[in-house]
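Welcome, and thanks for taking a look at this one. Here is a short briefing to read alongside the model.

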2 protein chains.
Amino acid sequence: MTERMQVDYLLTCEADEDADAKARGIALEQTVELPDDCVPDAIRERLVGRVERLDPLPDRRFHCTISFDSALFGGELTQLLNTLFGNISLKDGILLTDIRWPDSVLDTFGGPAHGMDGIRRMTGVPRNQGLLCTALKPVGLSAHALAERAYAFARGGMDIIKDDHGVANQVDAPFAERLAACQEAVTRANAETGGNSLYFPNVTAPWPVLEERLQAAKDAGCQGVLISPWLTGLDAMRWARDHFGLALMAHPALTGSHFRAEHGISPELLLGDLFRLAGADASIYPNTGGRFGFGLATCEAINHRLRYTLGGLPAAAPVPGGGMDAARARGWLDQYGTDTILLIGGSLYQQGDLTAATETLRTAIGRG
Amino acid sequence: MTERMQVDYLLTCEADEDADAKARGIALEQTVELPDDCVPDAIRERLVGRVERLDPLPDRRFHCTISFDSALFGGELTQLLNTLFGNISLKDGILLTDIRWPDSVLDTFGGPAHGMDGIRRMTGVPRNQGLLCTALKPVGLSAHALAERAYAFARGGMDIIKDDHGVANQVDAPFAERLAACQEAVTRANAETGGNSLYFPNVTAPWPVLEERLQAAKDAGCQGVLISPWLTGLDAMRWARDHFGLALMAHPALTGSHFRAEHGISPELLLGDLFRLAGADASIYPNTGGRFGFGLATCEAINHRLRYTLGGLPAAAPVPGGGMDAARARGWLDQYGTDTILLIGGSLYQQGDLTAATETLRTAIGRG
């Protein structure tokens, strides 16, 4: 049995643009890609998108709901994305804002294998406390130098130490060498402190190499990895979930062109629902007040989408980052709740002593 | 030896935004992702992006050139995309407009295996004549019904008959069944007419399935396929090029959010340079005057980027489509030149008799 998925688009019409025609155009474009008079009746009834609702808003904007038969996706995440926003990405004034997911679609794609609870178990951080994450950088350091930084963070009790998402396989610190050095450094620090820091290497890579890096991370004893699904293709994350058992922290690189006011995919849907559906246990986003432009409401919406009841999918962890000030960490946990992983990099590096900076940060959030 | 790649961004500044700071911010964000005071001197010198040029334009816009050491990419297309626009996609007022590619980068990623000339050889269309392409649709038809349409187009002398990009693996026409039926139908029509039509199945799919479909297409005797690189991940196309020898026709699904006036990646760079670099032998784009919003200048720019001298990369074929009127085909070849593949679907379906419609179209472009 197939079910219909209800998809909301916020339409912004030009002065000479008819909203009805625009909505019907989306319904055709995203399914049969033919003029209406060329569509066989049986296919129109079953597979052409249905305009379920078209309500006017101020400023020539319209709240539009179109339903799609889930048979259109054929069980494939590539085709799900294509149906939601493939060709209409090339048009103007169409913002994908919400999806009511049929259970069958949720079951097909599956969601996080570990989620927030799983990451808590891996790190041993109890339920009423927030988590901390940092990034190993900059690109250009040797594997040894990055491992020294990993060691210093782990000595201070950092929960998750991930590669910077721009640290890939450059000659300065090739993946295999970096993986071995950083994982060894974190393991050694844990042995010394009795702590439980985790190293998440960046596995983002062209296809067959991605597979090799996931396997290498698993073999090295890592419990999770960093991946940028918009660089690898979203389905690569789902595939990784199904084959390695590693926790997956998703990075939003290259997603941001969608986050425009009048056209694209809303951040909470892309970094929330879609990343979660495709298996992200944790989803990084640029926190408000940092180097990027999200407002507080958008950040709260992403948090919600990663945690809300969505069929049987585990809740994923929001990971606000991107210019977060260590001095404000406590406030962000108060704001967002403790089921949050705070990603803080530059603000710790600026303090010089990474172990001391991490200890101070832990104390600030009541983990001292 | 590494070389520096020169990358142009068109910056649009807010009233309170400093262009120098914005440019330097990009140079840091896309490389070390650290505040300047945390960057070791040797790394700053070598790997931080260099602002080579920042020229004011009207309306608080600035022409900015930043150079990046090609060592940053580590030979990986995922990391190339990340360096060009990964994190800054999440900012505002940054439009990637041009790249001067070092030869070493072109050599690393390689470009089309066949290009326009290769597709001419496959189809047997001589140099002074344009090519024709159509799409099998709509989704919902059986494999048999789609094959009947393929047969009718091939009987009329259509050069390339591709799956619609929304026809994937739905139950109505599963990939394997459709591949067999359509390839058989086109082969049979060719045998009857002495023609040389090609069937390009849509192989866009989640990773391991993509590989199976490419192999199946090759085994069935297809000479090319359709792929949507923004759904699969761009590198999947490069990988396909290296392993199957099939011609690759790229579809722009999901790319369009980048094509905004003030922020994103320019269409000619994405559908031109980047798709060509990653192995597209032909690149579909929405022609002006159809269902989408590109202007003529953008279309001409894409054509140019697919054909211009770019190291030793073969020229790729522009494939304007998306609501093209068969009656205007001749005019488009006059406009764009005969090294063009005209993609015409709906306009032929509206005529009812697909063979006759194709014959009329051929006659109109001097292929009668």
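**How the two chains meet**

In this predicted model, 74 residues of chain B are in contact with 74 residues of chain A, where contact means heavy atoms within 4.5 Å. Chain B and chain A bury about 6200 Å² between them, and 58% of that area is on carbon and sulfur atoms. Buried area here is the accessible area (1.4 Å probe) that two parts lose on being put together, summed over both.

**Polar and charged links**

- The rule finds 10 salt bridges across the interface of chain B and chain A, each being a side-chain nitrogen of Lys or Arg within 4 Å of a carboxyl oxygen of Asp or Glu.
- B:R260 and A:D92 form a salt bridge, with the closest N and O atoms 2.6 Å apart.
- Between chain B and chain A, 38 residue pairs are in polar contact, both residues being at pLDDT 80 or more.
- A polar contact is a pair of N or O atoms within 3.5 Å; within protein, one must be able to donate a hydrogen and the other to accept it, and residues adjacent in sequence count only if both atoms are side-chain atoms.

**What chain B brings to the interface**

- Several helices of chain B each supply at least two residues of the side that touches chain A, among them helix 2 (41-46), helix 8 (207-219) and helix 10 (234-244).
- Helix 3 of chain B gives the most to that side, with six residues.
- By class, the side of chain B that touches chain A has 33 nonpolar, 26 polar and 15 charged residues.
- Helices (H or I, at least four residues) and strands (E, at least two) are DSSP runs, numbered from the N terminus.

- The same surface serves both copies, as 100% of the contact residues of chain B recur in chain A.

**Backbone details**

- Most residues other than glycine have a negative phi, and most peptide bonds are trans.
- A cis peptide bond joins A:K137 and A:P138, with omega about 0 degrees, and A:P138 lies in the loop between strand 5 (131-136) and helix 6 (143-156) of chain A.
- In chain B, the peptide bond from B:K137 to B:P138 is cis too, with omega near 5 degrees.
- B:D59 has a positive phi, near 60 degrees, and sits in the loop between strand 2 (50-57) and strand 3 (61-69) of chain B.

**Confidence and conventions**

- Chain A has a mean pLDDT of 97, and 99% of its residues reach 70 or more; pLDDT is the predictor's confidence in each residue, from 0 to 100.
- The predictor gives the complex an ipTM of 0.97 and a pTM of 0.98.
- Residues are numbered from 1 along each chain as its sequence is written, while chains are lettered from A and ligands numbered from 1 in the order in which they are written.
- Local features need pLDDT of at least 70, side-chain atom pairs count only at pLDDT 80 or more, and totals for chains, interfaces and linings use all residues, while side-chain values use heavy atoms, with hydrogens and water left out.

Definitions and conventions. Ala, Val, Leu, Ile, Met, Phe, Trp, Tyr, Cys and Pro count as nonpolar, Asp, Glu, Lys and Arg as charged, and the others, Gly among them, as polar.
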